Every structure is written in C-alpha cells, then in structure tokens.
There are 2 protein chains.
Amino acid sequence: MYRTVNNGELRKDHVGTEVTMCGWVQKSRDLGGMTFVDLRDRYGITQLVFNMETNADLCEAARNLGREFVIQIKGKVIERSSINQDMKTGEIEVQVNEIIVLNKSKTPPFTIEDQTDGGDDLRMKYRYLDLRRDSVKKNIILRSEVAFHTRAYLKNQGFLEIETPVLIKSTPEGARDFVVPSRLNQGEFYALPQSPQTFKQLLMVSGYDKYYQIVKCFRDEDFRADRQPEFTQIDCEMAFVETEEILKTFEGLIKNILFEAKGIKIDEVPRMTYLDAIKDYGTDKPDLRFDMKIKNLESVCKGSGFNVFDSADTVLGIVVPGGANFTRKQIDSLTDWVKRPQIGATGMIYCKFNETGENKSSVDKFFDASALHSWKEISGANEGDMLLILAGKTSSTINAIGNLRLEVANRLNFRDPNVFKPVWVTDFPLFEFDEETETYHAMHHPFTSPKIEDLELLNSDPKSVRANAYDMALNGTEIGGGSIRIHDKELQKKVFNLLGFSDEDAHEKFGFLMEAFEYGAPPHGGIAFGLDRICAVIAGSDSIRDFIAFPKNNSGRDVMLDAPSKIDKDQLDELGLETK
Amino acid sequence: MYRTVNNGELRKDHVGTEVTMCGWVQKSRDLGGMTFVDLRDRYGITQLVFNMETNADLCEAARNLGREFVIQIKGKVIERSSINQDMKTGEIEVQVNEIIVLNKSKTPPFTIEDQTDGGDDLRMKYRYLDLRRDSVKKNIILRSEVAFHTRAYLKNQGFLEIETPVLIKSTPEGARDFVVPSRLNQGEFYALPQSPQTFKQLLMVSGYDKYYQIVKCFRDEDFRADRQPEFTQIDCEMAFVETEEILKTFEGLIKNILFEAKGIKIDEVPRMTYLDAIKDYGTDKPDLRFDMKIKNLESVCKGSGFNVFDSADTVLGIVVPGGANFTRKQIDSLTDWVKRPQIGATGMIYCKFNETGENKSSVDKFFDASALHSWKEISGANEGDMLLILAGKTSSTINAIGNLRLEVANRLNFRDPNVFKPVWVTDFPLFEFDEETETYHAMHHPFTSPKIEDLELLNSDPKSVRANAYDMALNGTEIGGGSIRIHDKELQKKVFNLLGFSDEDAHEKFGFLMEAFEYGAPPHGGIAFGLDRICAVIAGSDSIRDFIAFPKNNSGRDVMLDAPSKIDKDQLDELGLETK
C-alpha cells in the first residue's frame with residue numbers, strides 16, 4: 001500500500017495515528033531548526049514537519065526536496081501549535097520519520113499556484129502541470145459532478161443512455177464537417193458528427209422513447225475565441241411528447257444540476273417568447289439576474305425636431321438604477337463603449353433624473369422639461385435613476401441596447417456569479433432570411449417542426465412561421481436548445497425545399513431519415529445542452545476552455561501533443577490521398 | 001399529453017380506469033364480432049379490444065390499421081376473460097372508444113418479431129426497424145444499465161470522470177490510426193484515439209489519482225468478424241497503487257455489474273499466472289465454468305515406440321467426464337473438428353475408461369493395459385470418462401487442445417450462459433518475439449512496466465521478462481486488461497529502444513509523455529474493459545454487434561447511412577487533398 005490516508009482527510013481526531021502518505025511537494029520552509037513541507041494531492045494539503053535537533057539526516061533530506069517531487073512519507077499525526085483555519089487539515093501536522101522519493105521533478109516552468117506566473121501558451125504546452133493547479137482542478141471536478149448528476153437524473157426519469165456512431169456520413173448541417181478518409185473504401189470518407197441529431201430521431205422511430213447521451217460533437221469552424229473543434233453535448237430526445245413535457249423534464253435537469261453541483265435551489269424556470277426576449281432584453285438569451293428592461297421611447301422621442309431620433313427607425317432606452325450619480329467620466333466611458341465597432345452605435349443620449357427632482361439630459365437643446373418628464377413616465381424611472389438612449393436602425397439598435405444593458409450591469413456588479421436565473425425562450429422563428437443571397441436558413445436545424453397554427457404561412461409568408469423551438473438561457477448565456485421535430489415525410493420535404501434542397505439533395509443527404517418516417521415515426525422532440533458551457537456558466541466563468549482537460553487553442557492546435565501533424569507518406573498512400 | 005400510461009404498466013388494479021395510450025400496432029386479429037389489436041411500445045404490449053356490435057365504425061377503423069402504424073387510443077381498462085400468464089399486462093385489456101392514427105406505416109421489409117424473417121443485410125439497412133425487435137431492445141437496455149452501474153460504482157470508489165480529446169496526434173500504437181485532415185493547418189492531420197492511454201497517464205502525472213471514462217476508441221483494421229472500427233472502452237487509471245489494489249477495485253466493478261445487470265452474486269475472482277493458464281487451459285482467457293484441465297502425458301506416452309508420440313514435442317490430454325459413452329460417430333466428429341485448418345491437429349487419440357473397469361484406446365497396438373492404467377492415473381480420469389490426446393509441436397498443440405477443451409464443453413453443454421466465472425490472468429510476458437522479423441513487440445503496450453524482480457533480464461533475456469500486466473477473462477472471453485505503467489523516463493526509453501524505436505522516434509511520437517515523466521510522475525497503473533464485449537458476454541452472445549445501436553458491417557460500412565461516401569470536390573479543395 002502506497003498510502004493509508006490522503007492529504008485531505010486528517011483531523012484532530014487522528015492525532016497519535018501512524019500514517020503513510022504520498023503526494024507532491026507544494027513548498028517547503030525552513031524556520032530555525034524546523035523544516036515544514038506542504039504535501040499535496042487531489043484531496044488537499046498536509047503539513048509535514050521535520051526537526052533538525054531530533055533527526056538531522058531526515059531534516060536534511062527534507063531540505064533537499066524540490067518543488068513537485070513525488071514522495072512517500074511515514075509519520076505520526078500531531079496537533080499543531082498554531083491552527084490554520086483556512087485549511088481542512090489545519091488542526092494537525094505529520095511528524096515524519098521516513099521519506100522515500102518516488103520520483104524527482106525538474107523545476108516546473110511555472111508555479112503550481114492559483115495565481116501562477118505561467119502565461120497561456122506555456123500552461124497549454126504543459127497542460128499536465130496546469131491541471132495540478134487548484135483552480136483548474138476545481139473545474140475538472142465540477143464537470144465530473146455535473147456529468148454524473150445529469151445521468152442520475154435522466155436515468156431516474158426513465159431515459160436510456162444509447163451511444164450513436166462517431167464515424168458517420170457527411171451532411172451539410174450548418175457548419176463544416178470534419179471528415180475521415182476510409183482506407184477500405186478508397187476515395188470515400190466518413191464524417192464526424194456535428195450532433196447525433198438524425199440518430200436520435202431514428203431512435204425515436206425505433207421506439208426508445210427517452211434517449212440521452214453525453215457525447216462528443218465536432219465542428220470544423222474558423223476558430224473564434226472560446227470555440228472548440230470538439231465539444232460535449234448532453235443530447236436528449238423523447239417521443240409522444242409536446243413542448244410542455246420537454247420543458248418540465250429539462251428544467252428539472254437544470255434544477256438538479258444546480259442543486260447537486262452548487263447546492264442552489266431555484267424556483268420554476270420562467271418562460272418568454274423570442275419576440276418578447278428581443279423586445280425587453282435585446283437578445284434571445286436574456287440575463288435575468290437584474291431587471292433593466294429595454295423601453296421603447298419612440299412615442300416620446302420622435303417628432304421633436306431632433307434629427308438623430310427623427311431619422312431613426314427606433315429609439316430605445318434603459319433605466320440605470322441610481323445612475324443619476326454617474327460622473328461625466330463614467331458616462332463618457334459608456335459612450336465610448338457603445339461606439340466601439342463591435343457594438344456600432346453612433347452615440348448615446350442620457351437623461352439624469354436627479355434625487356432633487358431636477359431632470360438633466362444630454363439633449364436639453366431639443367427637449368424641454370415636460371418632454372423629459374414624459375421620458376421619465378414612459379421609462380418608469382425613479383428619482384436618482386438615469387435613462388440611457390440609443391437610436392438608429394431597428395436590429396442594430398436592439399442589439400446595441402441589449403449589449404449596453406449587460407455592460408452597465410457589469411459595471412454596477414449586477415451580474416452576481418452566485419445567483420442563477422435560467423429562462424426558457426420559446427417560439428423562435430423557423431427560418432432566418434438571408435437578405436444578400438435571398439435564401440432561407442433554418443434557425444435551429446432543418447428538422448424543427450413549425451407550430452401547427454403557422455403551417456399555412458409556410459406557403460404565404462415563410463419568414464413569419466414560428467418554430468416549435470425553445471432555448472434555455474442561464475445568466476445571459478445560451479446553455480441548451482431544442483425543438484419538436486417534424487415526423488411527417490411530406491412536411492419534412494417541404495421544409496427541405498424551402499431551405500433550398502432539391503428533392504435529390506434531400507434524398508442524397510437524409511434519405512434514410514425520410515424513409516424512416518414512412519415506417520411509423522412517432523411525434524417526438526428533444527434538446528441538447530452544452531456540457532462545457534453549463535460548467536463554465538455555473539462556475540461563473542466566460543471560457544469553456546477552462547472546463548476541458550485537454551483543450552485546443554484558437555487555431556485548433558493541441559500545443560501539448562503538437563497536433564495536428566504531418567503523417568507518413570505510407571499512411572497517405574494507403575488512404576489513396578495526396579496533399580497539394 | 002399524448003398518453004397517461006405506457007404499454008407495460010396496466011394490471012388488474014387498473015380495471016375501470018380511463019386511459020390514453022400510444023404505440024405501434026404489433027398485430028391484429030379478427031375473431032367473429034371482435035377485433036383485438038396488440039399495441040407495443042418500449043415498455044411492453046397491451047391488448048386493445050373492439051366490438052363490432054357496440055361500435056361498428058371504430059371496429060372497422062381498427063381493422064384498417066396496418067402493422068407498425070403509430071396510434072393513440074382512449075379507452076377503459078377491463079378484466080380479460082382469459083388471462084395470459086406470459087404477458088406482464090396479461091390480466092387486462094383496454095376497451096377502446098377512440099383511435100387517432102398518429103402516423104401510418106408502409107409494410108415493414110421484415111417482421112418485427114424475435115424470430116424475424118429479415119436477413120442480416122436487410123436488418124442492417126433498416127436498423128431503425130430492427131431496433132424495434134424485443135431481442136435487440138433487450139441488448140440496448142442491458143448496455144445502458146451496465147454503463148450506468150459502472151459509473152455509479154466508480155464514482156462511489158472516488159473516481160472522477162474526465163473526458164480526453166478525440167482529435168489527437170497520430171502515433172503508431174499497435175493498429176492503424178484513422179486520421180482527420182485539418183483544414184486550418186493544411187497538409188496536417190489529427191488522428192482518432194485507439195485508446196486514451198497517454199492521456200490517462202498524463203492525468204496521473206497531473207494528480208487526478210482515480211480517473212475513468214466510458215469512451216469511444218477507433219482502430220483502422222482489416223475487418224474481421226465481430227470487430228468494429230469504433231468500439232467503447234471503460235477506461236480507468238489509478239495513481240499510488242500496486243497491482244493488488246487495482247485487481248481488488250476492478251473485481252469489485254465486475255461483481256457490481258453482474259449483480260446490478262443480471263442479479264448474480266459471485267465470490268472472489270480467482271487469479272492465475274499466464275504460464276499456468278496456458279499450461280492448464282491452453283489459452284490466456286480460460287473458461288472456468290467447467291474443469292477439464294489439460295494434462296501433460298509426455299512421461300507416460302513417450303518412449304513406447306509409437307512414433308506419433310515419440311516424435312512429438314509434447315503430448316497433451318483432457319479428460320471428458322462420462323466420455324466413455326461417446327459413440328464412434330461422436331468421436332469421429334471430434335477428430336474431424338481438430339483436423340480443420342483453424343485447429344490444425346493431424347489426428348486425435350482417445351482412451352475410454354469404461355464403467356466395467358476395462359480400458360480401450362485407439363492405439364492399443366502400441367500400449368498395453370498397464371500403459372493405459374498409467375494414463376488413467378496421471379490424467380486423474382475416473383471410470384466412465386474418456387481421455388482425448390493430441391501430440392505435436394508445443395505451441396500449436398497447446399492451442400489445439402485448448403480449443404478442443406472448449407468444443408467438447410460446447411457439445412456437452414458445460415458452458416452454461418447463466419453461470420459467470422471471471423478470472424484474473426497475471427504475469428504476462430512483457431514482449432512477444434517475432435521470429436520472422438526478429439523484433440520484439442509489446443504484448444500489452446509499450447507503457448507497461450516490467451516486474452521489478454525481472455528488471456535485470458531486460459538486458460540479458462528480454463523474452464523472459466514478465467510484465468506487471470493482468471487481464472480479466474469471463475467465460476472464456478477477454479473482457480479487460482491493464483498493467484502497472486512505467487513512470488520513469490529512463491526505463492521508458494529503454495523499453496522503447498527494445499521495441500525498435502530510435503530515441504528520435506520515441507521523442508517524435510511520445511515526447512510529451514517522456515517530458516511529463518520528468519516533472520514528478522507518480523507510480524500508476526490501470527485497466528480498460530471492452531463495454532461492447534462485457535455486454536455480449538453477460539448476455540451470453542458471441543457478437544458485439546448486437547449490443548451496438550448502429551453498428552458497421554464487416555467492411556466498415558454503415559449500410560443504413562451508406563457511409564463512408566464520396567465528398568464534394570469543394571470539401572477536398574478546402575482540405576488541400578486529392579484522391580488518387
């Protein structure tokens with residue numbers, strides 16, 4: 001036995017016990033005749049103590065231990081003279097009587113501390129050392145917990161875990177596929193799945209009425225910050241269900257995850273339509289941790305001779321609570337912020353509703369006291385608040401004010417990482433219309449069912465057809481989305497056609513699914529959550545990369561492995577391939 | 001709500017209840033004025049009843065339902081006049097008052113029955129219909145259960161589930177890699193993992209001392225029967241452990257799986273060395289459901305002037321219990337069986353030890369009564385048994401007698417599919433020596449540690465070095481294997497060199513692992529089980545394909561999807577590739 005206890009478990013009760021322990025040398029300190037070594041493993045840190053007077057050789061050996069050496073020690077648990085309240089094992093220390101060095105370590109290229117001196121590139125190259133840091137370890141453990149409780153909840157709800165294949169057929173479903181050349185079928189390729197969408201629908205046709213899988217998915221995208229070429233979905237599908245049953249089942253899932261992983265209980269998950277989300281929050285993934293809804297100010301702002309408003313398609317505002325106290329500098333900084341190219345507003349108008357009752361706007365030349373009063377009324381501002389206004393083209397202004405809302409909340413610390421506010425957003429449009437190419441794209445994917453009451457509009461006005469689709473947003477981030485699927489071959493054909501697939505295309509790519517619909521396909525629907533994303537959001541992080549043990553960088557490289565890499569000509573020959 | 005109950009749950013207690021149900025039409029029968037429809041879903045079958053006298057229209061509608069139509073019905077639970085003991089719902093039936101056809105079905109290309117009329121190719125093409133059959137459904141559900149209880153057990157033992165990447169670097173670890181061309185790094189390729197071996201070792205270096213993952217692995221092999229290009233492993237690794245702790249932990253896993261999935265309790269898992277397994281059973285994956293150990297008969301068979309024995313390297317036998325009753329025909333059939341090219345014996349000698357005390361062999365010309373008596377003594381045969389003897393070159397005779405042992409057991413029904421006998425086989429040789437190329441191959445993989453006491457032999461006699469490696473066999477099938485790993489850079493280098501890697505090769509392929517060993521690598525070891533294989537063995541099946549929802553055929557094709565397939569020239573251009 002290498003060890004009898006780990007480094008997280010010794011308490012005052014253990015005083016007097018003989019123990020054998022293993023771990024890494026976190027740090028050592030020489031204090032007069034004593035040497036202290038912090039021994040670390042996955043479970044915590046234990047302080048080891050060596051006394052020069054009672055055992056000089058051993059103490060000398062301890063002084064020669066380098067950082068990150070792997071050691072085994074034998075010793076006796078003793079009470080600490082000064083208790084460390086910040087450590088689980090802070091009541092005790094271990095008086096060592098034997099050290100065995102299991103493996104030495106070169107000095108690591110960065111410190112194994114929460115606040116490390118290692119830059120991003122260095123940490124990624126030595127990811128196996130980065131993973132030793134407590135801050136990274138917490139994320140990896142959180143992910144393991146989330147995955148486990150997801151499975152336990154879904155099993156409890158009667159879901160079967162069913163694996164679907166990774167080597168599948170290339171189909172143009174949104175992003176680019178990664179492909180895998182076949183050696184046994186030269187000139188042909190498998191594709192890696194962007195999602196198991198068609199397989200889970202086939203499983204519904206097969207009668208497995210509650211399916212789930214925590215599954216790797218792949219997208220060959222041009223890399224953006226915080227996208228990974230491989231990512232993990234909690235993928236689920238149900239048969240003989242309507243939207244209501246799906247929303248109930250999966251708000252149960254998110255409640256369960258938050259409770260098991262974070263100890264947080266949440267109430268019922270509110271719902272809003274896509275149109276309301278855009279109107280009130282300027283986004284389809286609203287952050288509900290704070291209010292600050294968007295107000296339409298057109299009726300009180302337009303027609304007063306102020307050209308910025310009069311020439312705008314829309315005039316929108318948000319009320320900043322307590323904003324009347326903002327300094328000139330704070331306001332200028334926000335104005336600069338909305339004018340950045342990423343946001344793209346041409347300017348920002350403000351109006352302070354002072355505690356004194358006096359109102360002061362940045363456009364007082366154009367609007368008198370009664371106008372400002374009407375602004376206050378319509379926006380629902382109180383004394384002490386400030387109204388921020390953006391005007392311009394409808395869609396860009398909605399987007400800009402939605403972003404401004406989040407930025408103001410950031411600055412006012414309204415986005416508390418310990419508060420969790422999930423929300424269902426429903427009734428998405430079925431199609432997005434691309435003005436440039438005059439083509440329709442599926443907003444979710446081509447298998448999403450239109451709402452029955454909008455079926456007629458498929459012919460007359462496809463743009464206004466609503467989908468039986470729903471997303472879950474948590475704290476301003478989309479963490480999952482899904483829909484009721486089409487289960488009728490003719491309707492599926494029609495939607496494919498509207499999306500620009502010819503019948504031949506549709507048959508070539510999804511023939512097996514369309515054929516399956518002819519053999520008794522039940523009504524069905526489902527959802528997929530981003531596991532990486534859920535972990536990031538509930539840990540209050542912006543980056544999914546921190547929750548992946550071995551992530552790739554923004555150019556899709558694994559810098560630790562140095563992958564991708566060249567392969568041998570023999571390998572290429574066997575595949576019947578040439579590189580250009 | 002589409003349904004208030006499923007088709008598996010109605011019992012006598014529910015009589016009188018109004019229900020709404022959904023499912024597929026399994027079959028219908030018209031009996032005089034009554035029509036009976038069996039409604040099927042994942043949970044079972046419910047008998048629906050329609051009465052021509054009381055509701056002619058509805059009864060007519062029921063008669064028009066085709067096989068595999070998806071319907072919703074409303075009705076009332078009534079008691080059956082004749083109870084069907086074979087069905088969970090056999091006490092009741094549902095008197096229907098409304099039918100809604102949710103989707104029609106064409107006549108399926110084969111019957112959805114356990115004994116279907118569909119051939120293999122047809123069932124694979126319409127796998128989504130094949131999956132509806134009860135016999136296939138049981139397998140898929142078993143797999144889901146095995147996976148769940150594996151996770152629950154390992155979590156309970158303190159294991160973390162950690163995902164490792166699918167897009168990795170190509171390394172020549174046994175079989176061929178599947179590769180994935182990179183678009184963003186043209187001319188370079190990712191590889192799909194044959195196993196997460198190096199990653200799990202890195203996780204040990206990172207301090208995650210108990211890791212597991214149920215993970216897809218990929219091998220581009222020339223397809224053999226019952227091999228799949230993608231398969232699933234239960235992959236595990238532990239740090240600060242010796243063999244004993246690993247064997248204890250994972251025999252716990254297999255006990256847990258057998259108990260949870262099959263309700264079977266087993267005792268401690270026996271252990272034997274590789275050499276003993278070969279000696280006693282002629283294989284490193286012995287079936288311990290029956291005894292019939294191999295006996296070495298050289299001392300009593302050689303030197304009597306019978307050339308077959310005298311010229312043989314070895315003479316081996318097995319005792320067939322009750323075999324004295326075998327007919328000439330039965331013996332001839334076994335002789336033919338061992339002479340098949342797959343077994344390759346030149347002949348078989350037998351000796352019957354009759355109940356009467358008289359012994360009779362097929363070589364009485366050469367061996368007298370006292371010789372036969374010594375055969376009986378040394379083989380431990382009883383009266384009524386028969387001794388079967390093979391002779392020839394050592395390794396082929398061991399192999400042949402091991403196979404004969406299984407074949408005799410098959411014929412005598414000694415291989416009861418409801419009995420489970422796992423066994424650990426330990427102390428495998430570290431290397432296999434390829435006589436043809438005069439090179440060493442790793443018997444497990446190049447990361448396996450030699451036994452400490454055999455370290456010296458690495459220089460003097462590599463062939464005789466034993467590995468710290470262990471396999472688990474269950475009922476004659478290898479279901480898992482693993483080893484204590486090398487955690488010392490110099491030892492790893494030496495093993496790579498013996499395996500024919502130059503230092504440059506080793507650095508090129510596994511540089512990151514060797515480098516990691518310099519930063520405090522702990523002692524570690526692990527194991528991987530084949531999930532597909534475990535499911536097959538515990539269901540008493542020979543084929544892993546039956547336990548995979550969407551398997552590939554023996555040429556690596558998914559005939560349902562028609563994958564692999566050609567891809568567009570645009571896609572190839574983006575990847576910088578040309579097919580020859």
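**Cavities, aromatic pairs and a helix in a predicted model**

About 370 Å³ of space lies in the largest cavity. A cavity is a set of points, on a 1 Å grid over the protein atoms alone, where a 1.4 Å probe fits but cannot get out; grid points are joined across faces, edges and corners, and a volume is the space filled by probe spheres set on the points. This is a predicted model, in which local features need pLDDT of at least 70 and side-chain atom pairs count only at pLDDT 80 or more, while totals for chains, interfaces and linings use all residues. Residues are numbered from 1 along each chain as its sequence is written, chains are lettered from A and ligands numbered from 1 in the order in which they are written, and side-chain values use heavy atoms, with hydrogens and water left out.

**Cavities**

- The count comes to twelve cavities of 30 Å³ or more.
- Lining the largest cavity are 26 residues (each with an atom within 4 Å of a point), and A:Ile214, A:Val215, A:Lys216, B:Ile214 and B:Lys216 lie nearest its centre.
- Two elements give two or more residues to this lining: β9 (210-218) of chain A and β9 (210-218) of chain B. Strands are DSSP runs of E, at least two residues, and helices are runs of H or I, at least four, numbered from the N terminus.
- The lining of the largest cavity has twelve nonpolar, six polar and eight charged residues. Ala, Val, Leu, Ile, Met, Phe, Trp, Tyr, Cys and Pro count as nonpolar, Asp, Glu, Lys and Arg as charged, and the others, Gly among them, as polar.

**Aromatic pairs**

- Over all chains there are 46 aromatic pairs (ring centres within 6.5 Å; planes under 30 degrees apart are stacked, over 60 edge-to-face, the rest tilted; for Trp the six-membered ring is used).
- B:Phe447 and B:Phe496 pair edge-to-face, at 6.2 Å centre to centre and 90° between the planes.
- B:Phe447 is in the loop between β19 (439-442) and α13 (457-460) of chain B, and B:Phe496 is in helix α14 (residues 489-498), 49 residues apart.
- B:Phe496 also pairs edge-to-face with B:Phe501, at 5.1 Å and 65°.
- B:Phe447 and B:Phe496 are both buried, as is B:Phe501 (under 20% relative accessible area, 1.4 Å probe, protein chains only).
- In chain A, ring pairs link A:Phe306, A:Phe309, A:Phe366, A:Phe367 and A:Trp375 into a cluster.

**Charges over rings**

- The charged end of B:Lys155 sits over the ring of A:Phe148, 5.0 Å from its centre (NZ of Lys or CZ of Arg within 6 Å of the ring centre and within 35 degrees of the ring normal).
- B:Lys125 lies over the face of B:Tyr126, at 5.4 Å from the ring centre.

Terms used:
Buried < 20%, exposed > 50% of the residue type's maximum accessible area, 1.4 Å probe, protein only. 1 Å grid on protein atoms, 1.4 Å probe; cavity = no way out; pocket = protein on both sides within 12 Å on 5 of 7 lines; lining within 4 Å.
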